Amino acid sequence: RALAKMARWPDVGLSINVDLMGGAIEDVAPADTAFPHRRDITMSAQFELRYASTRPRANQLAWMRSIQAELASDATGGTYVNYPDRDLGGYAARYWGDKLERLHAVKARYDPGNVFQHAQSIPLPN
């Protein structure tokens, strides 16, 4: 479905990079690291859009997001933090899941002034 939709806009450069999970990733217990999706995610997809000058950017972005939404209907909702997405809603819960509370405690202890931060860093606890 997604490939057929991509073929309808041939002058737009969209790449979908897929990383397969499993194997050695699953050798480490999910409780042992901040990556909670070790046994839940079988692949991670990253989208890269290269705008075509022949079409309005907003239309191209909407088209890409419609493909993302189509693929997301089969996804767990977990997200791999090493591929940040500034448009990702609820990023902290999606990146770190049930590890977020523990990461809040680490952040509060070692960076209470929030010196090490960016748009999607571990937020200070409330």
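Not counting residues up to four places away in sequence, Q60 touches W9, V12, L49, R50, Y51, A52 and R55, where contact means heavy atoms within 4.5 Å. Q60 sits in helix α2, residues 57–72. With a relative accessible area of 0%, Q60 is buried; buried stands for under 20% relative accessible area, exposed for over 50%, and partly exposed for values in between (1.4 Å probe, protein chains only).

The model is predicted: local features need pLDDT of at least 70 and side-chain atom pairs count only at pLDDT 80 or more, while totals for chains, interfaces and linings use all residues. Residues are numbered from 1 along each chain as its sequence is written, and side-chain values use heavy atoms, with hydrogens and water left out.

In soluble globular proteins, nonpolar side chains tend to be buried together.

Leaving aside neighbours within four places in sequence, L14 is in contact with M6, F47, E48, L49, R50, W63, M64 and I67.

The protein chain as a whole has four helices and two strands, in the order α-β-β-α-α-α from the N terminus on. Helices (H or I, at least four residues) and strands (E, at least two) are DSSP runs, numbered from the N terminus. The radius of gyration of the protein chain is 17 Å, well over the 14 Å that the globule rule gives for 126 residues, so the chain is more spread out than a compact globule. That radius is taken over C-alpha atoms, and the rule is 2.2 Å times the number of residues to the power 0.38. Along its principal axes the C-alpha trace spans about 50 × 35 × 20 Å.

Buried residues make up 30% of the 126 residues. Among contacts between residues at least 6 apart in sequence, 59% join residues at least 24 apart.
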